[in-house]
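Biologist: Could you walk me through this model one label at a time? I would like to know what stands behind each word you use.

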Number of protein chains: 2
Amino acid sequence: MKASKEALLLQNQLCFPLYASSRLTTKLYAPYLEELGLTYPQYLVMLVLWEADGQRVNDIARRLHLETNTVTPLLKRLEQKALLQRRPSKTDERSVEIHLSESGRKLQFQAMEVPAKIVKAFEGSGLKQEEVLQLQESLFKILAALNKHSNKF
Amino acid sequence: MKASKEALLLQNQLCFPLYASSRLTTKLYAPYLEELGLTYPQYLVMLVLWEADGQRVNDIARRLHLETNTVTPLLKRLEQKALLQRRPSKTDERSVEIHLSESGRKLQFQAMEVPAKIVKAFEGSGLKQEEVLQLQESLFKILAALNKHSNKF
DNA sequence: CTGTTTTATGTCGTGTGCGATACAAATGTA
DNA sequence: TACATTTGTATCGCACACGACATAAAACAG
């Protein structure tokens, strides 16, 4: 595409709808997550830990495509809520292992109700489920591509 | 979908790839926008103003699906960079009109180079242009649906 | 074994984002 | 006109998000 004013129209941007719909979707989760006492990024951290307990800070950060200096304060807030504990690894003094507490594990059962509520909210917006699945697939592809591009991995 | 642990897998989330790819795409823009002295949200505000100068704070916020209390400090930073001026409206004392400065208008010509660079970066990641266009379309649909859902509009 | 490099985590500063709230100007209503 | 309500913007507090940088532990090289 040649450099032109048309390319600068909001309508022709790719990152903008990505950016805007990401924020609006987060807002959609907010009331349901509030019942769990979680923000959306905190919810994501819990998802990662429910998949596998005892991961290191770095593991969690990589899984969520976040920097460790973003995850560290997130984990501290979750520790304050008594949902997890931060323990130095025995095999590597530099690493900090994150272990779910009893209440952290129990929270999963409440969280299990959330995805269905989100799906319902999307349905109410007149969006076909098939379309959502297609979108999800494309996004994971984009994510993989962007990941390859940022030469960290 | 019934409430289950499977629905909580990161792989099965919709908002997560949205959230992650949004951040990574913003990172992709960063080096190019740095040449313009802009952050990504500031770039979006400039896009809106290049489309139509003299808009009010509320107009810009609605266009970007942001709250006015997010846009206000953004505009103040752009005013500090001398890219625009904030002027109270003559017809409505409550409203603040945003007017581009000469350097603000000139910046558009530099910005015109950006989209092509982004497209190239995506190409280098082995992502088909057709796929990107399909994704863009789906995202704008999602955006419209989410907009309808949040009963503000 | 010692000096260098890498790795894992964290601190600090800046810039978003948004809910709750404040306040003044405009609008609507009796 | 008097009063309540709505509207447009902004302030405040909190929670991300990340680049730049710091630090200690581990791995590596000679």
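**From one residue to the whole assembly**

Biologist: Why is A:Leu44 called buried?

Modeller: A:Leu44 has 23 C-beta neighbours inside 10 Å. A residue is buried if 20 or more other C-beta atoms lie within 10 Å of its own, exposed if 12 or fewer, and partly exposed in between, with C-beta atoms placed from the backbone. Its count of 23 therefore makes A:Leu44 buried. Please keep in mind that this is a predicted model: local features need pLDDT of at least 70, side-chain atom pairs count only at pLDDT 80 or more, and totals for chains, interfaces and linings use all residues. As for names, residues are numbered from 1 along each chain as its sequence is written, while chains are lettered from A and ligands numbered from 1 in the order in which they are written.

Biologist: Where is A:Leu44 found, and which residues does A:Leu44 touch?

Modeller: A:Leu44 belongs to helix α2 of chain A; helices (H or I, at least four residues) and strands (E, at least two) are DSSP runs, numbered from the N terminus. Not counting residues up to four places away in sequence, A:Leu44 touches A:Leu64 and B:Phe16. Touching, or being in contact, means that the C-beta atoms of two residues, placed from the backbone, lie within 7 Å. A:Leu44 and A:Leu64 are 20 residues apart along the chain, with 7.6 Å between their C-alpha atoms.

Biologist: What makes A:Thr68 count as partly exposed?

Modeller: A:Thr68 has 14 C-beta neighbours inside 10 Å, so it counts as partly exposed. This residue lies in helix α4 of chain A. Leaving aside neighbours within four places in sequence, A:Thr68 is in contact with A:Val57, A:Asn58 and A:Ala61.

Biologist: How do you know that the buried residues of α3(A) are on the same side?

Modeller: The residues in question are A:Ile60, A:Ala61, A:Arg63 and A:Leu64. They cover an arc of only 165° around the axis, so they sit on the same side of α3(A). That arc is taken from the directions from the helix axis to the C-beta atoms. Their cover includes α2, α4 and β2 (96–100) of chain A, together with α1 of chain B. After α3(A) comes A:His65, with a positive phi near 60°.

Biologist: What pattern does chain A follow along the sequence?

Modeller: Chain A reads α-α-α-α-β-β-α-α-α, with seven helices and two strands. Of its 153 residues, 27% are buried.

Biologist: How many residues of the two chains are in contact?

Modeller: 59 residues of chain A are in contact with 59 residues of chain B. On chain A's side, α1(A) gives the largest share, 15 residues. By class, that side has 36 nonpolar, 15 polar and eight charged residues. Here Ala, Val, Leu, Ile, Met, Phe, Trp, Tyr, Cys and Pro count as nonpolar, Asp, Glu, Lys and Arg as charged, and the others, Gly among them, as polar.

Biologist: Which residues are closest to DNA strand C?

Modeller: The closest of the 25 residues around DNA strand C are A:Arg56, A:Asn58, A:Asn69, A:Thr72 and B:Glu93. Near means that a residue's C-beta atom, placed from the backbone, lies within 6 Å of the molecule or strand. The largest share of this surface, five residues, comes from α4(B). Its residues divide into six nonpolar, nine polar and ten charged.

Biologist: And which come nearest to DNA strand D?

Modeller: Of 24 residues around DNA strand D, the nearest are A:Pro41, A:Glu93, B:Arg56, B:Asn58 and B:Asn69. Here α4(A) gives the most, four residues. By class, the surface near DNA strand D has five nonpolar, nine polar and ten charged residues.
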